[in-house]
Amino acid sequence: MPLDEYRRKRDFTKSPEPAGEPAAATGGETRYFCVQKHLASHLHYDLRLEHDGVLLSWAVPKGPSLDWNDKRLAMQVEDHPIEYGSFEGVIPEGYGAGVVMLWDYGTWTPDTPDVDAALRKGDFKFTLDGFKLKGSWALVRTKGYGDSGKPSWLLIKHKDHWSGPIDITEFAPLSVKTPGADFADILATDTPDLWTRNPPAKTGDTGKLFQRIIAAALALKATHDPNPPAAPAKRRRARGAIR
Ligand code: MN
């Protein structure tokens, strides 16, 4: 079954992630894609492309780059359910525990009609039309990396109108689902106190990042007014500056 591995890794009584059913193939040329920025044991970006009723998925540790000189490692992971593609929130414990931000989404189009053949060949070219990622891209399979059953690929931006010497993860780090939201904002809408004693990563750079985000989320929650004014002061200043 297409989503067996996805379901085996998760306890849906404890995770807000969707359990999912393989969706009927939508047909047609354009399909959904998304990139979820996922702070778990390590920060990474999950590229997901709709195909045959599921989301084909690659974990990209450094995230995509618009620079055609960059080749970003992309480790293929288990297929995900279609409804996972709009998920943003907190995975409190278990597999993938951490914060998920919907970093980009839109539609994708394969460059050749037979996607399965391109994937088997390990040379998969496609066009993205998202908020941040656009134009021509390739996933190229590499041989013999790592010891897992799933293959490793390189994610490469082709030189076109939408490429440039830009690390888009640095340039545009925030959510497209909750405009302006960073990890701390997403965590603050959920339960940051959950992790004050036992964050998903405790040591190293990821542990330090979690500590900062948990502290920021707790501060955001503490300053949250249950009866906010119609136009917060910050917004009024922002509008004033523009006009
Ligand atoms: Mn992930």
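User: What is the relative accessible area of Asp-123?

Analyst: Asp-123 counts as partly exposed, a class between buried (under 20% relative accessible area) and exposed (over 50%), with a 1.4 Å probe and protein chains only. The model is predicted, so local features need pLDDT of at least 70 and side-chain atom pairs count only at pLDDT 80 or more, while totals for chains, interfaces and linings use all residues. Residues are numbered from 1 along each chain as its sequence is written, and side-chain values use heavy atoms, leaving out hydrogens and water. For Asp-123 the relative accessible area is 28%.

User: Which residue forms a salt bridge with Asp-123?

Analyst: A salt bridge requires a side-chain nitrogen of Lys or Arg within 4 Å of a carboxyl oxygen of Asp or Glu. The side chain of Asp-123 meets such a partner at 3.0 Å, N to O. The partner is partly exposed, with a relative accessible area of 33%, and it is Lys-125.

User: How far apart are the closest N and O atoms of Glu-17 and Arg-10?

Analyst: Glu-17 is buried, because its relative accessibility is 4%. Arg-10 is buried too, with a relative accessible area of 11%. In the salt bridge between Glu-17 and Arg-10, the closest N and O atoms are separated by 3.3 Å.

User: Which residue pairs with Asp-70 in a salt bridge?

Analyst: Asp-70 is partly exposed at 24% relative accessibility. The closest N and O atoms of the pair are 3.6 Å apart, and the partner is Arg-72.

User: Which residues are the protein donors of the manganese ion?

Analyst: Donors are N, O and S atoms within 2.8 Å of the metal (3.2 Å for Na, K and Ca); water is not among the atoms, so sites may look incomplete. Here the protein donors lie 2.2 to 2.3 Å from the manganese ion, and in sequence they are spaced H-x5-H-x1-D. The donor residues are His-38 (ND1), His-44 (NE2) and Asp-46 (OD).

User: How many aromatic pairs does the structure hold?

Analyst: Rings of Phe, Tyr and Trp (its six-membered ring) pair if their centres lie within 6.5 Å; planes under 30 degrees apart are stacked, over 60 edge-to-face, and the rest tilted. By that rule the number of aromatic pairs is 12.

User: How many residues apart in sequence are the parts tied together by Tyr-105 and Phe-131?

Analyst: The ring centres of Tyr-105 and Phe-131 are 5.2 Å apart and the planes stand at 80°, so this pair is edge-to-face. Tyr-105 lies in strand E6 (residues 98-110), and Phe-131 in the loop between strands E7 (123-130) and E8 (134-141). Helices (H or I, at least four residues) and strands (E, at least two) are DSSP runs numbered from the N terminus. The pair ties together parts whose separation in residues is 26.

User: What is the angle between the ring planes of Trp-108 and Phe-124?

Analyst: The ring centres of Trp-108 and Phe-124 lie 5.7 Å apart. The pair is edge-to-face because its planes stand at 90°.
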